[in-house]
Amino acid sequence: MEYQDTRKDGIVFFLLKNDTNQIYVTNYGATLLSWLVIDRHGMLEDLVLGYETMEEYQTQDGYLGACLGRVANRIERGRFTLNGSEYTLPVNNGPNSLHGGTSGFSHRIFDWEIVNDQCVRFTLVSPDGDQGYPATLEVAITYTLEGDTLSIRYEAQSDADTIVNLSNHSYFNLDGSPSIKEHTLKIEADRFIPVDADGLVVADTFAMSDAMDFRQEKPIKQALDSDDEAIRLGKGIDHPYVFRTKTDPVVLASSKSGLELVVNTSYPQAQIYTANYLDGRPGKHGVPMKAQSAICIETQYRPNDINQDPQSLTILRKGEKYDEWTSFTVRKR
Ligand code: BGC
């Protein structure tokens with residue numbers, strides 16, 4: 001595997017490639033930086049948004065391509081109780097704690113190991129009390145390229161009970177267009193979870209509406225341009241969708257590039273987020289990254305689950321193994 005280890009700060013870049021894909025990742029935040037493929041018209045496409053420099057990844061929010069942890073998404077008021085003890089996390093998004101806190105895994109330098117030419121593994125030991133979370137947690141995030149599929153495996157183990165919900169925050173756009181609205185989306189979900197004005201899931205409530213329903217593939221603009229209440233509150237799509245099938249639960253496609261991205265996962269749901277809070281900051285080649293110019297498919301357990309379910313699937317008991325995966329397959333249509 002080609003890799004570049006010339007910086008003095010421990011940040012290393014890796015290239016996973018085969019005949020049809022070139023994928024750049026880094027141990028900073030276990031981040032997916034670029035995924036280059038040739039589209040149906042012979043044009044080179046980069047399937048993910050990103051910054052131009054590493055310094056922007058280090059100083060900005062947005063979580064472009066990054067691993068989210070210890071717990072992806074929001075935890076209500078940055079508080080939760082486990083085994084009778086209350087824990088307090090940094091509040092960094094309105095009244096809530098988002099994506100593991102002010103210095104979550106997205107902003108950490110991981111150790112790394114090249115497993116083989118198309119597989120790199122990033123590891124991190126998160127100490128007891130890190131960002132307020134209990135227990136020492138050992139984490140491994142493994143990127144593997146196989147044919148036209150990139151998979152991310154999430155493993156973790158702790159020395160005491162804790163909570164974990166690991167995800168990835170790549171912003172996909174399959175044709176380089178300035179808006180995601182013309183892309184089509186299919187989501188195998190009969191329901192989504194409504195959120196409040198701060199983006200926090202509304203406990204134990206499920207909903208579906210014409211605008212939010214993607215069981216039949218349709219252009220994303222049909223949701224984003226609607227006056228649906230969920231869209232208004234979320235400033236676009238920014239909601240967990242609960243999958244009804246294990247096979248190809250999410251398919252994103254562009255008729256312009258003739259590419260589709262098929263997502264599979266061991267997780268039961270995904271936060272679908274249409275980059276509503278991107279604010280025009282410069283991305284690769286200085287091109288502004290605007291609101292609704294990409295879509296994140298953040299596979300995970302239910303957000304804020306620990307505050308809703310005492311038996312939450314996000315609880316990782318001492319010595320148990322956390323082992324989840326998500327794969328992204330790119331195909332020509
Ligand atoms: C959340 C958004 C948030 C974004 C930050 C997403 O996972 O759902 O509400 O603004 O992350 O980049």
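Colleague: Is D9 buried or exposed, or partly exposed?
Modeller: D9 counts as partly exposed, because its relative accessibility is 32%. Buried means under 20% relative accessible area, exposed means over 50%, and partly exposed is in between (1.4 Å probe, protein chains only).

Colleague: What kind of model is this?
Modeller: This is a predicted model, where local features need pLDDT of at least 70, side-chain atom pairs count only at pLDDT 80 or more, and totals for chains, interfaces and linings use all residues. Residues are numbered from 1 along each chain as its sequence is written, and side-chain values use heavy atoms, with hydrogens and water left out.

Colleague: Back to D9. Which residue forms a salt bridge with D9?
Modeller: R7 does, and the closest N and O atoms are 2.7 Å apart. A salt bridge here is a side-chain nitrogen of Lys or Arg within 4 Å of a carboxyl oxygen of Asp or Glu.

Colleague: Why does R7 count as partly exposed?
Modeller: Because its relative accessibility is 25%.

Colleague: How many salt bridges does the structure hold?
Modeller: 26. One of them joins E182 to K221, with the closest N and O atoms 2.9 Å apart.

Colleague: New topic. What surrounds the ligand?
Modeller: G62, Y63, R74, H99, H169, Y171, D238, Q271, Y273, Y277 and E298. Each has a heavy atom within 4 Å of the ligand.

Colleague: Which side chains bring an N or O atom to a ligand oxygen?
Modeller: H99 is one, at 2.9 Å. Q271 is another, at 3.1 Å. Y273 also has a polar side-chain atom 3.5 Å from an oxygen atom of the ligand. A polar contact is a pair of N or O atoms within 3.5 Å.

Colleague: How much of the ligand does the protein bury?
Modeller: 95% of the 310 Å² that the ligand exposes when taken alone. Those areas come from the Shrake-Rupley method with a 1.4 Å probe.

Conventions: Polar contact = N/O pair within 3.5 Å; in protein donor to acceptor, adjacent residues only side chain to side chain.
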